[in-house]
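User: I have a structure open and want to go through a few side-chain contacts. Can you take a look with me?
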Amino acid sequence: MISRYSVLLKYFALVFLLFAGLECTKTDEEVLFKMEYDQYLAVPAGLNTIETYSFILKDLSTNYKTLLGTFNVSDSTIKAIKPGSIRLADELNQLDFSKIEKISLLVSKPNFQTELEIGYLETVPLTSTSVLQLFPTLVNAKDILSGTTFNLKLKVKLRSFLTSNTNIRLRFTMNTFSK
């Protein structure tokens, strides 16, 4: 026979867990607007597995001031600009991304000061094909992307030689936050 005390104890435990669960709400930061970029990188044939290669795109427009005006937001409202999705694609299927061992994407000011890693993939899966998704980091790149231009650097370490030239399409998003 179940005692009244154990039933009452189970009832209070259930109520406690219910209220504890309601108090534990995730407070996601609200994205004010997204800064989207779409670039192409030329990768030559003949690259080896010994070196780490850097592909640099210089003086890309941030469009920051235009986006502030479009979304009617002031610069003082923006507290952080953090990486969102980062995707590499070989749309002509000339490059199999499984030939890449490690990859990272960095942004910097036009004079290459304050370089920040915004995306990476430490070990590229051997099952990769012509599309690769990088993990975004948690850095705040407002100092770099609130200017007029910025630089991109894609660092690549290969696991096998490249036998043909290819163009890689790099699409990435930076999210702006007010908190």
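**Contacts around Asn-140**

User: What does Asn-140 touch, leaving out residues up to four places away in sequence?

Analyst: This is a predicted model. In it, Asn-140 touches Lys-79, Ala-80, Ile-81, Lys-82 and Leu-116, with residues up to four places away in sequence not counted.

User: And where does Asn-140 lie?

Analyst: Asn-140 is in the loop between β6 (131-136) and α3 (142-145).

User: Which backbone oxygen does the side chain of Asn-140 reach?

Analyst: That of Lys-79, at 3.1 Å. The side chain of Asn-140 also has a polar atom 3.0 Å from the backbone nitrogen of Ile-81.

User: How far apart are the C-alpha atoms of Asn-140 and Lys-82?

Analyst: They are separated by 5.1 Å, while the two residues are 58 residues apart along the chain.

User: New topic, aromatics. How many aromatic pairs does the structure hold?

Analyst: Four. One of them is Phe-33 with Phe-71, a stacked pair with 5.1 Å centre to centre and 5° between the planes.

User: Which parts does that pair tie together?

Analyst: Phe-33 lies in strand β1 (residues 31-43) and Phe-71 in the loop between α2 (64-70) and β3 (80-89), so the pair ties together parts that are 38 residues apart in sequence.

User: Buried or exposed, those two?

Analyst: Phe-33 is buried, with a relative accessible area of 3%. Phe-71 is partly exposed, at 42%.

User: Why is the pair of Tyr-37 and Phe-172 stacked?

Analyst: The ring centres of Tyr-37 and Phe-172 are 5.0 Å apart and their planes are at 25°, so the pair counts as stacked; the cut-off for stacking is under 30 degrees.

User: Where do Tyr-37 and Phe-172 sit in the chain?

Analyst: Tyr-37 is in strand β1 and Phe-172 in strand β8 (residues 166-177). The pair links distant parts of the chain, 135 residues apart.

User: Are Tyr-37 and Phe-172 buried or exposed?

Analyst: Tyr-37 is buried, and Phe-172 is buried too.

User: Last one. Which residues form an aromatic cluster with Tyr-37?

Analyst: Phe-150 and Phe-172; together with Tyr-37 they form one aromatic cluster.

How values were computed:
Residues numbered from 1 in each chain as written. Predicted model: local features only at pLDDT ≥ 70, side-chain atom pairs only at ≥ 80, totals over all residues. Heavy atoms only, no water. Helix = DSSP H or I, 4+ residues; strand = E, 2+ residues; numbered from the N terminus. Contact = heavy atoms within 4.5 Å. Polar contact = N/O pair within 3.5 Å; in protein donor to acceptor, adjacent residues only side chain to side chain. Phe/Tyr/Trp six-rings, centres within 6.5 Å; stacked < 30°, edge-to-face > 60°. Buried < 20%, exposed > 50% of the residue type's maximum accessible area, 1.4 Å probe, protein only.
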